[in-house]
Amino acid sequence: MAASSATPATGEWIMVTGGAGYIGSHTLVELIGAGFGCRVVDNFSNSCEESLRRVQELTGKPDMLDWVNADLRDEAAVAAAFEGRKFGGVIHFAGLKAVGKSVEEPLAYYDNNIVGTLVLLRQMRKAGCGLIIFSSSATVYGDGSEPPFAETAPVGRGVTNPYGWTKFMLEQVMIDAARADEGLRVVLLRYFNPVGAHASGRIGEDPVGIPNNLMPYVLQVAVGRRKELTVFGEDYATADGTAERDYVHVVDLAKGHLAALSAFVGGKAPAGLEEDEAAHPRTAVFNLGTGNAISVKQVVTAMSAVLGRELPHTFGPRRAGDLARVFADTSKAERVLGWKAGLTIEDMCKDGWRWQQANPRGFRDEPAE
Ligand SMILES: NC(=O)c1ccc[n+]([C@@H]2O[C@H](COP(=O)([O-])OP(=O)(O)OC[C@H]3O[C@@H](n4cnc5c(N)ncnc54)[C@H](O)[C@@H]3O)[C@@H](O)[C@H]2O)c1
């Protein structure tokens with residue numbers, strides 16, 4: 001689409017790679033709402049332009065968003081995306097994320113996620129853009145310690161799949177790049193389990209194929225696309241025997257990106273980064289989660305309450321590689337960024353269900369009358 005020539009209220013344009021995707025689209029709404037302009041670079045391999053048009057509609061500021069259909073591995077296309085405008089930072093969501101598929105197709109995952117990021121970092125440098133905020137994952141903590149995981153917990157032990165390794169490796173790539181380049185600041189955001197949707201029901205998660213994660217599966221059972229949920233494992237060492245995760249509402253997560261961007265944009269750095277600076281100059285790391293461990297049974301109960309009927313479910317054996325409990329220590333993001341997740345598991349179920357009901361086939365169809 002044509003480049004917008006408008007000036008954002010903050011004066012800053014931000015490049016958002018993978019911005020058409022689930023977390024990216026919700027983040028665009030918050031960024032644009034706060035007065036940033038956004039240019040998305042996406043190859044639409046796991047998304048579509050419709051999500052961006054809906055962001056324009058939701059924000060009511062269509063000239064604060066433009067996009068370039070490009071693969072991050074295409075160096076000339078990425079260079080062109082940086083042309084004609086100065087960017088105050090990059091939020092880097094673009095990547096492949098299906099854990100199971102990454103085991104089947106490791107080379108495709110390493111190629112897409114690693115090469116795309118190397119090209120991006122090179123082109124940022126050429127364009128004189130000195131801030132990158134990266135979508136990392138709680139998966140980097142593996143089984144190296146007991147939850148709650150603080151940012152200082154060991155990473156990389158017990159990572160079980162190529163997807164997780166790309167996050168671990170890319171964290172290291174960025175740490176090294178920032179150490180070597182005084183003009184570069186890196187912010188690593190480790191997400192826990194993002195779920196839910198924008199309260200409008202206009203944007204949400206649109207998984208292709210059989211969902212690998214709990215909440216999209218639950219929603220597809222709720223809407224009748226799948227018969228029942230199989231709960232993997234009822235014999236974990238947790239309060240009710242089912243696995244516990246730290247589910248975070250995608251709108252809270254999006255606000256976490258706005259908090260991180262606001263703290264670092266324009267060459268600023270917030271107070272409280274002494275430990276980060278001692279470990280890795282110019283790299284800051286934050287967990288984005290709620291700090292609460294919610295079990296699969298609790299998710300089923302919360303969703304059943306929203307539906308007003310019991311979500312069909314059955315119990316099966318544990319799934320290989322699943323940990324019993326994963327949750328965040330979120331105190332650092334609160335202390336340094338002033339960000340804290342506020343929405344509950346009930347909100348996540350309610351908003352996810354609103355999106356699913358209005359868009360049973362995701363962005364592929366307009367809502368049923
Ligand atoms: N959703 C989660 O549970 C979760 C958890 C932790 C981390 N993350 C990370 O957060 C980021 C965003 O996740 P999401 O859930 O929004 O995923 P998503 O698949 O909805 O969004 C990713 C976007 O990147 C685009 N993309 C992929 N490869 C690209 C390439 N080579 N060039 C250009 N665009 C490309 C896709 O088309 C898509 O729009 C990803 O990096 C993901 O690994 C997600």
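The model on screen is predicted.

**Stop 1: the ligand**

Select the ligand and the shell around it. The ligand is surrounded by 26 residues. Asp 42, Asn 46, Ser 47, Lys 97 and Tyr 163 are the closest.

Start at Lys 97: an N or O atom of its side chain sits 2.8 Å from an oxygen atom of the ligand. Move to Asn 112, where a polar side-chain atom is 2.9 Å from a ligand nitrogen. On its own the ligand has 820 Å² of accessible area, and the protein covers 96% of it.

Colour helix H1 (22–33), strand E5 (131–137) and helix H6 (162–180); these elements give two or more residues to the shell. E5 supplies the largest share, three residues. Colour by class next: the shell has 11 nonpolar, 11 polar and four charged residues.

**Stop 2: the second largest pocket**

Select Glu 151, Thr 152, Arg 190, His 280 and Val 285. Of the 19 lining residues, these lie nearest the centre of the second largest pocket. The space in this pocket is about 330 Å³.

By class, the lining has eight nonpolar, four polar and seven charged residues.

**Stop 3: the cavities**

How many cavities of 30 Å³ or more does the structure hold? There are two.

For the largest cavity, select its lining, including Tyr 22, Met 215, Leu 219 and Trp 355. About 80 Å³ of space lies inside. Show helix H7 (214–222) and helix H12 (345–358), each of which supplies at least two lining residues. H7 gives the most, with four. Seven lining residues are nonpolar, four are polar and one is charged.

For the second largest cavity, select its lining, with Asp 206, Arg 225, Asn 359 and Arg 364 among the residues. The space here is about 50 Å³. This lining divides into five charged, four polar and three nonpolar residues.

Finish by selecting Glu 205, Pro 207, Gln 220, Trp 355 and Gln 356. These residues line the largest cavity and also line the second largest cavity.

Methods
Residues are numbered from 1 along each chain as its sequence is written. This is a predicted model: local features need pLDDT of at least 70, side-chain atom pairs count only at pLDDT 80 or more; totals for chains, interfaces and linings use all residues. Side-chain values use heavy atoms; hydrogens and water are left out. A residue is near a molecule or strand if one of its heavy atoms lies within 4 Å of it. A polar contact is a pair of N or O atoms within 3.5 Å; within protein, one must be able to donate a hydrogen and the other to accept it, and residues adjacent in sequence count only if both atoms are side-chain atoms. Accessible areas come from the Shrake-Rupley method with a 1.4 Å probe; for residues, only the protein chains shown count as cover. Ala, Val, Leu, Ile, Met, Phe, Trp, Tyr, Cys and Pro count as nonpolar, Asp, Glu, Lys and Arg as charged, and the others, Gly among them, as polar. On a 1 Å grid over the protein atoms alone, a cavity is a set of points where a 1.4 Å probe fits but cannot get out, and a pocket is an open set with protein on both sides within 12 Å along at least five of seven lines; lining residues have an atom within 4 Å of a point. Grid points are joined across faces, edges and corners, and a volume is the space filled by probe spheres set on the points.
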